[in-house]
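Welcome to this short tour. Keep your viewer open and follow the stops one by one.

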Amino acid sequence: MSTFAKWAPAVLALVLVASPGVWRWSRHTITIAHEAGHALVAVLTGRRLEGIKLNSDTSGVTVSRGRPTGVAVVLMYSAGYVTPSLLGLGAAALVTAEQVRPLLWATVALLAAMLVMIRNAFGVLSVVLTGAVMFVVSWYATPEWQAAFALFVTWFLLLGGVRPVGELQSRRARGRAPRSDADQLARITGVPGLVWVLLFAVVTIGALVLGGRVLLPL
């Protein structure tokens, strides 16, 4: 892989995450991953998943039924902010193992499964468009373009997973996120919300560092 092909996807991902105007739109992809994390953990821990909404302001909500306290609900609320970064770390492993097409097809399959649980029009549009892009690249692009696209997606998840954590604490500091994941976890566990935010930061930054170390030797 040429130096340009290696670095261009990372630079493009950084631009999409760091530019305020562009981030307003690109953040929707991170929201999809965030809510998918809540939904997947809810199902895996035995909760009843009732639906997912993705909103045009980049917020989202996943509704599930089950005990209001306990390990299952703690895991579910903990999953959202770390899922994009963990997905990025997994994608980095697949890219370095030259499993690009399986990565793209797995993403399409996960989005299709998620689509069944979407409960609003904007959410359907977001998931369908994201899945369509993944499908087109996986089906029609050359192996070289697939590899470059997979690198871009991986870097975008790794970089884009960090910024929402900082935004979360900024909103909390201004009293604008009383029902955030961190505050819900504080209510359930008695552990301060700031501690949960710091935990999210450790996981997302750690995933970025590890993922970067995996990808940079390419």
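Which helix gives the most to the nonpolar patch? Before you click, remember that you are looking at a predicted model. Now select residues 121-140: this is helix α5, and with four residues it gives the most to that patch.

**Stop one: the patch**

Next, select Trp105, Phe135, Val136, Trp139 and Tyr140 and show their side chains. Together they make a nonpolar surface patch of about 560 Å².

Stay here and pick out Trp139, which sits in helix α5. Is Trp139 buried or exposed? Its relative accessible area is 51%, and the cut-off for exposed is over 50%, so Trp139 counts as exposed.

**Stop two: Ala18**

Now move to helix α1, residues 3-18, where you will find Ala18. Ala18 has a relative accessibility of 49% and counts as partly exposed, because partly exposed covers values between the buried limit of 20% and the exposed limit of 50%.

**Stop three: two packed helices**

Finally, colour helix α3 (residues 71-96) and helix α6 (residues 143-160). How do they pack? Their axes are 7 Å apart and meet at an angle of about 150°. Angles over 145 degrees count as roughly antiparallel, so that is the description for α3 and α6.

Notes:
Residues numbered from 1 in each chain as written. Predicted model: local features only at pLDDT ≥ 70, side-chain atom pairs only at ≥ 80, totals over all residues. Heavy atoms only, no water. Patch = residues over 30% accessible without salt bridge, like charges linked within 9 Å, V, L, I, M, F, W, Y side chains within 5 Å. Areas by Shrake-Rupley, 256 points an atom, 1.4 Å probe, with all protein chains shown as cover. Salt bridge = Lys/Arg side-chain N within 4 Å of Asp/Glu carboxyl O. Buried < 20%, exposed > 50% of the residue type's maximum accessible area, 1.4 Å probe, protein only. Axes fitted to C-alpha atoms, helices over the stretch in contact; angles between N-to-C directions. Parallel < 35°, antiparallel > 145°, perpendicular 65-115°, else oblique.
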